[in-house]
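Q: Hi, I've got a structure open here and would like to talk through how it is put together. Could you walk me through it?

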Amino acid sequence: MNKAEALKPKNLVVCSFGGGTNSTAMLIGMVERGERCDLILFADTGGEKPYTYEHIIDMSNWLVSHNMPPIQTVRGTAPKMIEDDSLEGECLRIKALPSIAYGYKKCSQKWKIAPINMYVGRICKERGIDPASVIRMIGFDADETRRAKDFPNEKYPLIEWNWGRDECIDAIKRAGLKLPGKSACFFCPSSKKHEILQLKRDYPDLAKRAVAMENNAELTHIKGLGRDFAWRDLLAWNEAQLDMFPHESRIEMDCGCYDGEK
């Protein structure tokens with residue numbers, strides 16, 4: 001290696017951490033294989049459930065103890081986010097619901113992808129690294145190959161290792177960590193009926209905030225956060241021990257977040 005090559009900045013390896021089972025298992029697998037990265041980034045919409053924020057702290061401590069970088073949170077760095085410091089705040093201000101409720105994925109682009117891209121871009125500039133050389137590690141598992149097709153220039157270790165959901169869970173147990181649970185905004189329109197009811201049982205204040213967002217929104221073509229039903233109706237009828245929906249909603253949605261996880 002000549003002097004010029006020795007001084008040339010290396011590639012930047014960035015792991016996207018969503019706070020759920022897949023990205024947790026991906027990082028554990030990398031540690032097990034002796035693979036390293038330069039940055040581990042969590043894009044915070046401001047709306048994760050408390051157990052996800054707790055898991056981020058536990059996981060970050062575990063990573064540092066295994067000679068990996070700590071998890072860094074990025075938030076509020078995307079364009080046009082000056083007025084709002086959270087997705088919830090934005091929705092309340094513009095009297096709308098998260099874009100997935102209308103069939104779009106703009107909230108993922110703005111609150112997940114853009115903040116990470118901007119942070120990585122700044123680091124590249126500071127270190128003199130070509131942004132095109134950045135290696136991005138995404139935790140889509142072997143059961144989600146369809147999602148990987150959307151990001152052909154990124155790496156998917158879990159798919160390469162042929163790790164599905166069961167293998168991911170086993171890896172977390174091997175590491176002695178608690179299973180993180182599903183990572184998603186507490187007001188996510190992709191939530192299933194039982195998840196909405198569970199939110200009310202576990203975090204009643206968050207359920208109230210979700211309904212407040214729904215009530216504040218000016219809606220025309222959809223009924224609420226459930227698209228074809230309103231969360232307030234589901235929660236009210238459930239509280240009255242009635243079942244407004246004898247069958248699951250006909251719309252089963254995957255939020256499609258960049259690093260949203262089950």
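Predicted model: local features only at pLDDT ≥ 70, side-chain atom pairs only at ≥ 80, totals over all residues.

Q: Which residue of β3 is the bridge partner of Phe 42?
A: That's Thr 73. Along with that pair, Ile 40 stands opposite Ile 71 in β3.

Q: And how does the chain cross from β2 to β3?
A: Through helix α3 (residues 50–65), giving a right-handed β-α-β crossover.

Q: Nice. What order do the strands of the sheet come in?
A: The order is β3-β2-β1-β4, an open sheet of four strands with parallel pairing. At the edges sit β3 and β4 (135–137), each of which pairs on one side only. On average, neighbouring strands are turned by 30° against each other, ignoring direction.

Q: Which strands does helix α2 touch when packing on the sheet?
A: Helix α2 (residues 21–32) touches β1 (13–16), β2 and β4, and its direction makes about 145° with that of β1. Helix α3 packs on the sheet too, touching β2 and β3, with its direction at about 140° to that of β3.

Q: Switching to charges: how many salt bridges are there?
A: The count comes to 10 salt bridges. One of them pairs Arg 174 with Glu 32, where the closest N and O atoms are 3.0 Å apart.

Q: Where in the chain do Arg 174 and Glu 32 sit?
A: In distant parts: Arg 174 belongs to helix α8 (residues 165–174) and Glu 32 to helix α2, 142 residues apart.

Q: Last topic, helix packing. At what angle do α10 and α11 cross?
A: Roughly 135°, with the axes of α10 (residues 204–216) and α11 (residues 231–239) coming within 9 Å. The pair therefore counts as oblique.

Q: Which residues make that contact?
A: From α10 you have Ala 207, Ala 210, Val 211, Glu 214 and Asn 215, while α11 brings Trp 231, Arg 232 and Leu 235.

Q: How do those divide into nonpolar, polar and charged?
A: Five are nonpolar, one is polar and two are charged.

How values were computed: Residues numbered from 1 in each chain as written. Heavy atoms only, no water. Axes fitted to C-alpha atoms, helices over the stretch in contact; angles between N-to-C directions. Helix = DSSP H or I, 4+ residues; strand = E, 2+ residues; numbered from the N terminus. Parallel < 35°, antiparallel > 145°, perpendicular 65-115°, else oblique. Contact = heavy atoms within 4.5 Å. Nonpolar A, V, L, I, M, F, W, Y, C, P; charged D, E, K, R; others polar. Pairing = 2+ DSSP bridges. Right-handed = clockwise from strand over helix to strand, strands pointing away. Salt bridge = Lys/Arg side-chain N within 4 Å of Asp/Glu carboxyl O.
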